[in-house]
Amino acid sequence: MSAHPRPATDVRATAEDVRPGAAPEEPSGVGRTAAKETLEDYTLRFAPRSYRRWTPMVVATTALGGIAYMADFSIGAGIGLTHGTGNALAAIAVAAAVIFLTGFPLAYYGARYNIDLDLITRGSGFGYYGSVLTSVIFASFTFIFFALEGSIMAQGLSLWPGLPLWLGYLVATLMVIPLVIYGMKALSKLQVWTTPIWLLLMVGPLVYLVSTDPGTVTRFLSYAGSDGGGGGGGLNTASVLLGAGVCLSLIAQIGEQIDYLRFMPPKTPENRRSWWTAVVMAGPGWVVLGALKQAIGVFLAVYILAEVGPAAATEPIQQFRGAFSAMLPSWLVVPLAVVLVVISQIKINVTNAYSGSLAWTNSVTRLTRHYPGRMAFVLLNLAFALALMETDMFRVLNSLLGFYSNCAIAWVVTVATDIVVNKYLLRLSPQAPEFRRGMLHAVNPVGVVSFVAASGLSIALYFHAFGDALQPYSPVAAALIAFVLTPLMAVATKGRYYLRRTDDGLAEPLLDPDGNPSAATYACHVCQQTFERPDLAACQAHDAMVCSLCLTTDKTGEHVLPAGASFNGQVMKL
């Protein structure tokens, strides 16, 4: 039984009566921040049912709009020009398979329980503070790829209307700020309306080239690469793995997909088919379009190689300028190519800025127990990205992504393995998600040890610490070590470090009869706001409830429940 039963006064209300985050008459402190959650977009917390008014297909379209980035064309081109078409296509396929398999359980958890990847990571092997490490890894992903996309846009603006690169970098950075301020509401409209235009501009020239000049396909398939080993279907294992390592740097993209999927409506018998379609399509399914774009990048790079040379052939603006020049009047070629690049950059970089702000906020708020608001970290993420652009990180793209992929693979594989193996097969990890302070141990060695070991050893391989022959296998090592160590650590620790206590003090079940997070609402006695059941826990000092944000910012710990019974390895009946 709970040591903190439901108060005698029933503070519950229906979701229709009180919207989570609705302001009292004079909120203050954290209460004032909580009162503007529609602006903050439920940073650090569960996304309530009353806010999730979009259909599954609208959420999916919004999520997929964020993968309109041009980096795939550069990544594919770089791999293809170095290792040849055959090796590049094999590398792209290997990476896509790994990304799809690891992304599926993460996307399901985010959509089913309406929490982002950081909150999933907390309860899937890392602990309340342990996941700060992976939040920083994810934040790094967002500003690295923001810088990459901003660099691509600046390359376009340097051709038309002729802006110097430094000014193009600044324009690419500043233009996303007004769009990212209002979170999901603004982003859903932006992505839905711009996606058809983007698809037409991207697919149109490719279809034209293939249909009017079939020889382009022959030249594409026979290209051997600068190392001479990838033409005519010949494969080289080292080349394939090196290429796959670069592609696998995108494995952390699933975090950005989940930042949208957490707003999925409840899964019911009526919407079951559309719900699953949206989750698969916009979750792990993003990599299908991503892989196609990488392959198109190889095709376009080979097509323009003789005209622009290998250095410029990896630039998307040059790729599409070459493709458009075959089908359009000369005066329209460069402007239209720049329009495509700008639309793509806006679509992805609002997502990079948005997701990065969530990751930084999650990390800093837990460590400092102070919540400055999401917008402060939008600006921080943009500052990091601008610094990378101004130092011309585009020159070292493949090396940077190859290194980064080791950390990203280790993290994602660790969390995916914990969900699939430790939760559902070994049942050493509780199936119901948990992210609230007081309910989790500070650090869970299952995920932290697995991640550190996998990323550390794979990075050592990448930098030739174990010889040149093993260097291409660093991404494979990261995935295998994480996959093996995660269940071994769970068995070794007997699942003791997943939950600090098994009872949150609320009698109301966490999940409704359909298995969705409960929509029952309670008032937080600290900030005087009303929130849905999964976002609260009982208070240690008072016979009342406390929301997750107030628990996070509790500097004295007076509201945090004490340690209770450890998780016993059984599936929790919540």
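Visitor: Why is the meeting of Arg 366 and Asp 118 called a salt bridge?

Guide: This is a predicted model, so the distances are computed from it. The side chains of Arg 366 and Asp 118 lie 2.9 Å apart, N to O. The cut-off is 4 Å between a side-chain nitrogen of Lys or Arg and a carboxyl oxygen of Asp or Glu, so the pair qualifies.

Visitor: Which parts of the chain does that pair tie together?

Guide: Arg 366 belongs to helix α17, residues 330–368, and Asp 118 to helix α6, residues 117–126. The pair therefore ties together parts that are 248 residues apart in sequence.

Visitor: What makes Arg 366 count as buried?

Guide: Its relative accessible area is 0%. Buried means under 20%, so Arg 366 is buried. Asp 118 has 8% relative accessibility, so Asp 118 is buried too.

Visitor: How many salt bridges does the structure hold?

Guide: Ten. Another one joins the side chains of Asp 512 and Arg 49, at 2.9 Å from N to O. This pair links distant parts of the chain, 463 residues apart. Asp 512 sits in the loop between α21 and β1, and Arg 49 in the loop between α2 and α3.

Visitor: Is Arg 49 buried, partly exposed or exposed?

Guide: Arg 49 has a relative accessible area of 24%.

Visitor: Which residues are linked in a network of salt bridges?

Guide: Glu 434, Arg 436, Asp 504 and Arg 533. Within it, the side chains of Glu 434 and Arg 436 meet at 2.7 Å, N to O. Glu 434 is buried at 8% relative accessibility, and Arg 436 is buried at 3%.

Visitor: Why is helix α16 called largely enclosed?

Guide: Eight of its ten residues are buried, so the rest of the structure largely encloses helix α16, residues 316–325. Among the buried ones are Pro 316, Ile 317, Phe 320 and Phe 324.

Visitor: What does the whole chain look like in numbers?

Guide: The chain has 22 helices and four strands. Of its 574 residues, 61% count as buried. Take the contacts with a separation of 6 or more: residues 24 or more positions apart account for 80% of them. The chain exposes about 20600 Å², and carbon and sulfur atoms supply 66% of that.

Visitor: Which residues make the nonpolar surface patch?

Guide: Leu 457, Phe 466, Leu 470, Tyr 473, Val 476 and Leu 480 make a patch of about 530 Å². One of them, Leu 470, lies in the loop between α20 and α21.

Visitor: Are Cys 527 and Cys 407 buried or exposed?

Guide: Cys 527 is buried, with a relative accessible area of 4%. Cys 407 is buried as well, at 11%. Buried means under 20%, so both values qualify.

Methods:
Residues are numbered from 1 along each chain as its sequence is written. This is a predicted model: local features need pLDDT of at least 70, side-chain atom pairs count only at pLDDT 80 or more; totals for chains, interfaces and linings use all residues. Side-chain values use heavy atoms; hydrogens and water are left out. Helices (H or I, at least four residues) and strands (E, at least two) are DSSP runs, numbered from the N terminus. Buried means under 20% relative accessible area, exposed over 50%, partly exposed in between (1.4 Å probe, protein chains only). Contact means heavy atoms within 4.5 Å. Accessible areas come from the Shrake-Rupley method with a 1.4 Å probe; for residues, only the protein chains shown count as cover. Patches are made of residues with over 30% relative accessible area and no salt bridge: like charges are joined within 9 Å, nonpolar side chains (Val, Leu, Ile, Met, Phe, Trp, Tyr) within 5 Å.
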